[in-house]
Amino acid sequence: MKSFTAILRKNSFIVLTVCLVFFIISGCRSTTITPVDNSDAIPQTTDKATNNNDNNKEQSTSSEKDSSKTETTKVETTIQVTKPSTTTPKGKLTVHYIDVGQGASQLIQTPSGKTLLIDGGNNDDEQLMVSYLKKQGIKKVDVLIGTHPDADHIGGLDAVVDAFDIGKIYMPKVSSNTKTYESLLTSIKNKNLKVTTAKAGITIDLDDQLNIKMIAPVKSYDDKNDMSAVVKLTFNKNSFLFTGDVESGSESDMINNGTNLKSDVLLVGHHGSNSSTSQSFLNAVNPTYAVIQVGDNSYGHPTDNILKRLQNKNVKIYRNDLQGTIIFTSDGTNIKPSVSEWKYTSTAKKEASSQNSDTTSTKNESSTNTNTTSSTKTETKTETKTEANTNVYYKNCTEVREAGKAPLYEGDPGYSTKLDRDKDGIACEK
């Protein structure tokens with residue numbers, strides 16, 4: 001009996017041991033499997049510790065996803081920046097500095113075939129302007145700019161308005177009582193066209209490949225020259241600056257206005273007068289090429305000071321009076337002038353003066369042969385001017401106005417062709 005009881009106890013111990021082992025093994029399996037079984041039902045669990053851990057996992061996963069998105073965005077942005085430019089230059093830009101004698105006119109033909117005309121020479125250049133434009137195959141002037149009312153800049157524009165379709169017209173807010181100015185306004189009115197005020201800050205929409213901005217006048221000036229519309233045209237890497245008769249006052253304001261004046265080609269202001277192309281302005285523009293639109297004149301244009309200033313900066317000089325019409329062609333990267341540069345030296349200056357004198361002499365002889373009466377009148381006028389200028393001298397129109405003598409008429413004391421910029425016989429018009 002004792003032996004059976006001992007065996008039973010022994011077996012019971014074994015059974016209990018086996019059961020305990022089985023229970024432990026079953027419990028371990030349950031613990032090991034639980035995270036896998038509940039992985040699809042994390043939001044439903046009520047175990048705070050497990051919930052926190054799972055939330056941490058979610059936050060980590062979310063953070064990784066966000067990081068992945070950020071990295072993707074950065075890559076996409078980089079790809080956009082490094083994509084080839086869609087504004088690769090197509091076609092060519094052509095800029096004509098038309099020989100209109102002692103005056104100014106520039107014709108711009110854009111890569112897409114549009115036309116911009118800045119100024120139109122003197123009154124006697126009307127037929128020249130119309131013929132020149134027609135030879136270029138132009139039927140419409142998309143944008144027309146009269147930089148300021150002086151006759152040597154707008155004299156031929158009335159004929160252009162009459163002969164061609166005209167798009168938009170820009171002129172500064174400054175008037176003149178000359179017949180030349182009135183004639184232009186009449187032509188504009190007859191075609192029911194409107195004039196937009198030319199001033200700094202205007203962007204001219206002409207060609208998608210070009211950036212054309214008007215950078216002056218920055219403000220109002222008493223001097224009509226400083227009221228000149230100044231235009232900067234950029235075609236990819238190349239740029240051109242058109243200055244009218246702008247003088248040092250407006251030049252300073254453009255610089256102080258923070259305007260980016262850097263340009264490859266500069267139209268020298270006011271035909272090479274000392275009153276324009278100041279050293280600070282030239283430094284700001286820093287051109288490779290400079291064009292001087294000038295003809296036979298009694299003003300001394302272009303002056304030695306300006307020529308030396310350009311030479312000292314190694315700027316290549318081109319002149320209408322010695323080289324005729326000058327054309328620049330640009331593909332957006334390279335600029336090619338139609339003629340070789342004119343080299344400035346003291347000898348070259350004398351030769352240029354000699355050439356101008358010969359031209360003047362020829363013109364005078366022709367005039368004398370064809371019209372003696374006209375020649376006599378000219379001599380009489382010259383004598384009258386000399387007498388008047390000997391007695392009274394005014395440095396500029398400001399002095400004339402301060403003296404209460406404006407306007408001065410030809411033959412009046414103090415009248416001079418220097419003060420009569422548009423050569424209409426009236427100086428310092430109000």
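User: Quick one on strand 3: which residue there is the bridge partner of Ile 108?
Analyst: That's Leu 116. Strands here are DSSP runs of E, at least two residues long, numbered from the N terminus. This is a predicted model in which local features need pLDDT of at least 70 and side-chain atom pairs count only at pLDDT 80 or more, while totals for chains, interfaces and linings use all residues. Residues are numbered from 1 along each chain as its sequence is written, and side-chain values use heavy atoms, with hydrogens and water left out.

User: How many bridges join strand 2 to strand 3, and do they run parallel or antiparallel?
Analyst: Four bridges, and the two run antiparallel. Two strands pair if DSSP finds at least two bridges between them. Strands 2 and 3 make a hairpin with five residues between them, and Gly 113 in the turn has a positive phi of about 95°.

User: And what about strand 1?
Analyst: Strand 1 (residues 93-97) is joined to strand 2 by four bridges, also antiparallel. His 96 has Leu 107 in strand 2 as its bridge partner.

User: Switching topic: what order do the strands of the seven-stranded sheet come in?
Analyst: The order is 7-8-9-10-11-12-13, in an open sheet with mixed pairing. Strand 7 (202-204) and strand 13 (316-319) are the edges with a single partner strand each, so one side of each has no neighbour in the sheet.

User: What does strand 7 pair with, then?
Analyst: Strand 8 (residues 210-216), antiparallel, through three bridges. Thr 203 has Lys 213 as its bridge partner there.

User: Which residues have the most contacts inside the largest nonpolar core?
Analyst: Tyr 97, Ile 145, Ile 204, Met 214, Phe 240, Phe 242 and Phe 328, in a core of 30 residues. A nonpolar core is a set of buried Ala, Val, Leu, Ile, Met, Phe, Trp, Tyr and Cys residues joined through side-chain atoms within 4.5 Å. There's a second, separate core of 23 residues, including Ile 98 and Leu 157.

Technical notes
Buried means under 20% relative accessible area, exposed over 50%, partly exposed in between (1.4 Å probe, protein chains only).
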